[in-house]
Amino acid sequence: MTVKESCPHLRSVILSSGSYLPEKILTNADLESMVDTTDEWIVQRTGIRQRHVACETETTAFMATQAARRALDHAGLAGADIDGVILGTSTPDLTVPGVAVSVQAALGVGLGPCFDVQAACSGFLYALSVADSLIRTGAGRRFLVIGAEKFSSILDWTDRRTCILFGDGAGAVVLAADESGAGTLEDRGVLKTILHSNGALRDILRTTGGTASTGTVGHILMEGQEVFRHAVTCMAGAVDEMIRETGVDPAAIKWLLPHQANIRIIESIARKLSLPMDRVIVTLDRHGNTSAASIPLAMAEAMADGRIRSGDLVLIEAMGAGLSWGAALVRF
Ligand code: UT7
């Protein structure tokens with residue numbers, strides 16, 4: 001008997017979330033004394049006012065573990081109740097092994113699959129889709145899905161075009177199997193994920209080095225306007241595709257939960273969906289762009305403060321280096 005036959009409506013649901021932000025905050029005013037920039041330029045062009053920056057002991061694994069522990073606490077679960085860890089990051093502490101196994105060891109997670117997914121700012125969305133697929137195919141019942149980044153370690157702090165954009169942090173969710181649904185859009189859980197990438201555009205957002213080329217991690221380099229242009233078209237395309245493929249009525253979407261890169265990009269997607277900005281979850285002003293961590297950080301905040309409630313339909317969208325992009329439709 002196939003999994004499909006035995007559990008026709010097996011899907012994954014987000015049980016809980018947790019987050020971790022480093023204590024140190026770097027404001028736009030702080031950056032004014034480091035590079036030739038102004039608070040006014042940063043706020044107008046990006047929407048960012050401050051970001052958190054990790055200290056030496058706040059490694060990617062440390063932040064991921066803290067966020068995951070909080071997600072477990074919120075679900076009333078222990079590490080041993082979890083089958084595996086899928087972790088989106090582009091800033092692992094070591095080249096080998098991945099960060100996910102450090103989280104596994106720290107929390108006593110079972111001996112299932114624990115691995116990192118490198119899809120830059122789309123990392124959490126990709127990790128969510130992978131974990132959802134693992135659950136749907138019966139490879140495990142509960143996974144920690146994490147986005148964790150220490151982008152401060154790959155920034156050129158003399159490059160005003162990039163160092164003002166990024167921040168550090170981690171967010172995590174507990175994703176669990178559920179068979180209660182009827183196979184409709186009214187079900188709880190991850191209803192659909194859409195993933196895309198286009199390697200022809202790999203050079204417009206990249207690092208200047210890597211383990212197998214320069215032997216260093218390098219620094220982030222970005223052709224800002226080009227990335228901006230593609231971010232708008234790629235994410236708008238993914239949103240269109242989601243609406244077309246699921247038949248979801250955009251008016252039924254309670255929250256847009258976008259990757260937090262630039263407020264102008266977020267506003268253009270909200271306009272496309274005719275969603276007022278008070279139905280969009282924004283943390284960009286306080287967190288900056290935390291790459292793979294941005295979506296789970298924003299999700300954890302909105303779940304904790306009661307904006308995202310049980311039954312809410314949430315549209316997630318992300319875009320990052322690769323280019324990689326996509327969307328997920330989730331009912332909480
Ligand atoms: O998370 C992955 C996806 N990433 C993104 O989606 C990021 C997409 N890109 C962006 O968000 C924007 O392109 C940026 C925020 C990075 C840049 O904004 P922009 O409006 O595209 O500015 P620009 O790069 O066209 O630069 C305009 C001017 C330039 O000066 P000139 O050549 O006109 O004299 C830049 O040198 O602004 C200058 N500039 C700055 N000025 C003050 C660039 N960075 C700064 C700065 N402070 N920090």
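## Before you start

You are looking at a predicted model, where local features need pLDDT of at least 70, side-chain atom pairs count only at pLDDT 80 or more, and totals for chains, interfaces and linings use all residues. Residues are numbered from 1 along each chain as its sequence is written, and side-chain values use heavy atoms, with hydrogens and water left out.

Let's start with helix α3, which covers residues 39-46. Helices here are DSSP runs of H or I with at least four residues, strands are runs of E with at least two, and both are numbered from the N terminus. In α3, I42, V43 and T46 are buried (buried means under 20% relative accessible area, exposed over 50%, partly exposed in between, using a 1.4 Å probe and protein chains only). Looking down the axis of α3, the buried residues fall within an arc of 100 degrees, so they line one face of the helix; the arc is that of the directions from the helix axis to the C-beta atoms. The general idea is that an α-helix has 3.6 residues a turn, so residues three or four places apart point the same way.

On the other side of α3, you'll find E40 and Q44 exposed. What do the buried residues of α3 pack against? Their partners are α2 (28-32), β3 (50-52), α8 (263-272) and α9 (284-287), with contact meaning heavy atoms within 4.5 Å.

## Around the ligand

The ligand is surrounded by 23 residues, and the closest are T37, R45, Q225, N262 and N289; to be near, a residue needs a heavy atom within 4 Å of the molecule. An N or O atom in the side chain of R45 sits 2.7 Å from an oxygen atom of the ligand. For R160, a side-chain N or O atom is 2.9 Å from a ligand oxygen. The protein covers 74% of the 950 Å² of accessible area that the ligand has on its own, with areas from the Shrake-Rupley method and a 1.4 Å probe.

## Nonpolar cores

A nonpolar core is a set of buried Ala, Val, Leu, Ile, Met, Phe, Trp, Tyr and Cys residues joined through side-chain atoms within 4.5 Å. The largest one has 47 residues, and those touching the most other members are I220, L256, I269, L273, L315, M319 and L329. Which element gives the most to this core? That's α7, with eight residues.

Leaving aside neighbours within four places in sequence, L329 is in contact with several residues, including L185, V190, M242 and L315. There's also a second, separate core of 33 residues, and I86, L257, I308 and I316 are among them.

Most residues other than glycine have a negative phi, and most peptide bonds are trans. Here are some exceptions. The V96 to P97 peptide bond is cis, with omega near -5 degrees, and P97 lies in the loop between β4 and α5. Another cis bond joins G322 and L323, with omega about -15 degrees.

Two serines have a positive phi: S274 near 55 degrees and S291 at about 55 degrees. Are they buried or exposed? S274 counts as exposed because its relative accessibility is 63%, whereas S291 is buried, with a relative accessible area of 1%.

Conventions: A polar contact is a pair of N or O atoms within 3.5 Å; within protein, one must be able to donate a hydrogen and the other to accept it, and residues adjacent in sequence count only if both atoms are side-chain atoms.
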